[in-house]
Amino acid sequence: MNTAEILMISGASVPDRTALVDPDERVTYAELQTRANKLANALQGMGVGKGQNVGIMAVNSAKFVELYYATAAVGATFVPLNFRAKPEELQYMCDASDVNVLFVSERYYPLLQEIKANLPKIEHVFTLDFATDGLETFDQLRSKGEDIPVFTDVDDDDAAIVIYTSGTTSLPKGVELSHKALTAYVVNTQSPADPSAVQDVTLVSVPLFHIAGATTMLGSIWSGRQLTILPAFDPSGWLQMVEKEKVTHSMVVPTMLKRIMEVDDFAKYDISSLQLITYGAAPMPFEVVRHAIDVFTCGLMNAFGQTESTSTISYLGPDDHRLDGTPEENEKKIARLRSVGRVMPDIKVGILAVDGHELPQGEEGEICIAGDRIMKGYQKREADTAAAISDGWLHTGDLGKIDEDGYLFITGRLKDLIIRGGENISAGEIENVLEDHPGIAEAAIIGVPDIEWGEVVKAILVAADPANKPTEDELTTYVKSRIASYKAPALYQWVNEFPRNHLGKILKTDLRRDYGQPTTAQA
């Protein structure tokens, strides 16, 4: 079904409930439907519909959610852009995804001005939270539309949203998620709105351009919850919002959870309303989850998934986090805290060998999934799509195994990808930038464990002139001037040469073995 129906169904069921709360406004389900209707009619009046793409570059807000449902209603594709990207990256994403209409907040308007001349496909720009000469505002556009429901028939496989994620190449990939995939995720993981039930309150602080944020826009509305929105994550702000809005559910990445627990006056906040904290999007350091079990009285859940799988593949539930059994039972649970739990019931997970055959329980292979939730493909990247999806299986690039009780353990990664605080970072992109520096002959990037971020970037370098190496501060500044700052190496290792195979390919496995410690060192 068209995912715009998610709002229509809940709007009819619980019209008077609060749907959205952000620092600027509170919106009921009836008001959200009215706003989406008006905005959809205004977009349709401009000719926006199937085959067109609506982009947004902004922090989280109620308007962000409203724009998604209006875009879906007219049958267009929603493209939330990663506002942390550099101008060159944003230019690539806008151009590759054929954005026709773009909404931008004041904070990122200067970025748009830098690249606008190189984006001829963008026909209309609207400001989200500010006014400027020559551009219409979000509110002005919405005011032109009538409060009449807009419904556009879509094919199940039509792309509802394109989310950009870094992969093993230097350029980000636009993951196309269909209405079918998003609907399957929502209806199989959440209960529909129940007017007789006490309303739950979800707090979203992960970016809405991230798969975890995007699916929250859908799942929370489908369930008739109050979606409480933080524009950006702040640990004290997160605690304040939990206390103020009596939040019951929230999803965080491991770095966020660690920082929340480190707030100096953590104990003063009343967070007794919390029922469940879900963490995921990056590896969780074992020390952090063990501490969280002691700190929080609510349930904890580890969700493992990918953008390409429309979020969660498996989950480690609250019962698995409770260490209140016998010593033997607790010992087994502690071991399973290193797993990513059991597979979701609506998808199939297979552990595949290199030749594609499915391996028996307990053997290590590539984690692959099948079902309605796998992505439509990578936008305009047929070769990459064919490599990722074959014989009905989505190849995740992760190595893992399933134990005798059905718990999935990740043992490594096939893809050369680093996940820092929930953000995917391409090693190849950083290597290309470093090798453009005159002081660097060759560069190899690996991820190393970090208790704060889960993983951080480590650069292993061969100097162009060993007697005149650039300083690490110089290299960090250089990288940050070229790509998003969070992708810059945190650690450096100088070596005389790289280990290679017979074809001359650098052996990253050897580099991880020899230099995979979270330290900076010379050769």
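**Figure 1. Lys144 and its salt-bridge partner.** Lys144 is exposed in this predicted model, with a relative accessible area of 58%. Its partner in a salt bridge is Glu136, and the closest N and O atoms of the two are 2.8 Å apart. Glu136 is partly exposed, at a relative accessible area of 22%. If you care to look for others like this pair, a search of the whole structure finds 30 salt bridges.

**Figure 2. A salt bridge between Arg259 and Glu452.** Here the two side chains meet at 2.7 Å, N to O. Arg259 belongs to helix H10, while Glu452 sits in the loop between strand E25 (440-450) and strand E26 (454-463), so this contact ties together parts of the chain that are 193 residues apart in sequence. Arg259 is partly exposed, with a relative accessible area of 31%. Glu452 counts as buried, because its relative accessibility of 19% falls under the 20% cut-off.

**Figure 3. Helix H3, a covered helix.** Helix H3 (residues 62-73) has twelve residues, and from its first C-alpha to its last it reaches 17 Å, close to the 16 Å expected at 1.5 Å a residue. How many of its residues are buried? Twelve of the twelve are, so-called "mostly covered" in the summary of this helix. After H3 comes Gly75, with a positive phi near 85°.

**Figure 4. The largest cavity and the helices around it.** The structure holds one cavity of 30 Å³ or more, and the largest cavity has a volume of about 60 Å³. Helix H1 (4-13), helix H2 (29-45) and H3 each supply at least two residues of its lining. Which of them gives the largest share? That is H2, with four residues. The lining residues include Leu7, Met8, Gln33, Asn37, Tyr69 and Val150. By class, the lining has eight nonpolar and two polar residues, with no charged ones.

**Figure 5. The second largest pocket.** About 490 Å³ of space lies in this pocket. It is lined by 24 residues, and the closest to its centre are Arg84, Pro207, Phe233, Met256 and Trp453. Helix H10 (residues 254-261) gives the most to the lining, with three residues. The lining residues divide into 13 nonpolar, six polar and five charged.

**Figure 6. A nine-stranded open sheet.** Follow the strands across the sheet in the order E2-E1-E11-E10-E12-E13-E14-E15-E16; the pairing is mixed. Strand E2 (26-28) and strand E16 (342-343) stand at the edges, each with a single partner strand, so one side of each is left without a neighbour in the sheet. As a reminder, strands of a sheet pair through backbone hydrogen bonds, either parallel or antiparallel. Within this sheet, strand E10 (residues 201-204) and strand E11 (residues 226-229) are a parallel pair with four bridges. Thr202 stands opposite Leu227 in E11.

**Figure 7. Strand E15 and its two neighbours.** Strand E15 (residues 311-316) is mostly covered, with five of its six residues buried. Strand E14 (residues 299-306) runs antiparallel to E15, and five bridges join the two. Together E14 and E15 form a hairpin with four residues between them, and Thr310 in the turn has a positive phi of about 50°. E15 also pairs with E16 in the antiparallel sense, over two bridges. Where do these pairings meet? Look at Ser314: Phe304 stands opposite this residue of E15, and in E16 its bridge partner is Val343.

Conventions. Residues are numbered from 1 along each chain as its sequence is written. This is a predicted model: local features need pLDDT of at least 70, side-chain atom pairs count only at pLDDT 80 or more; totals for chains, interfaces and linings use all residues. Side-chain values use heavy atoms; hydrogens and water are left out. On a 1 Å grid over the protein atoms alone, a cavity is a set of points where a 1.4 Å probe fits but cannot get out, and a pocket is an open set with protein on both sides within 12 Å along at least five of seven lines; lining residues have an atom within 4 Å of a point. Grid points are joined across faces, edges and corners, and a volume is the space filled by probe spheres set on the points. Ala, Val, Leu, Ile, Met, Phe, Trp, Tyr, Cys and Pro count as nonpolar, Asp, Glu, Lys and Arg as charged, and the others, Gly among them, as polar. Two strands pair if DSSP finds at least two bridges between them. The expected span of a helix is 1.5 Å times one less than its number of residues. Buried means under 20% relative accessible area, exposed over 50%, partly exposed in between (1.4 Å probe, protein chains only). A salt bridge is a side-chain nitrogen of Lys or Arg within 4 Å of a carboxyl oxygen of Asp or Glu.
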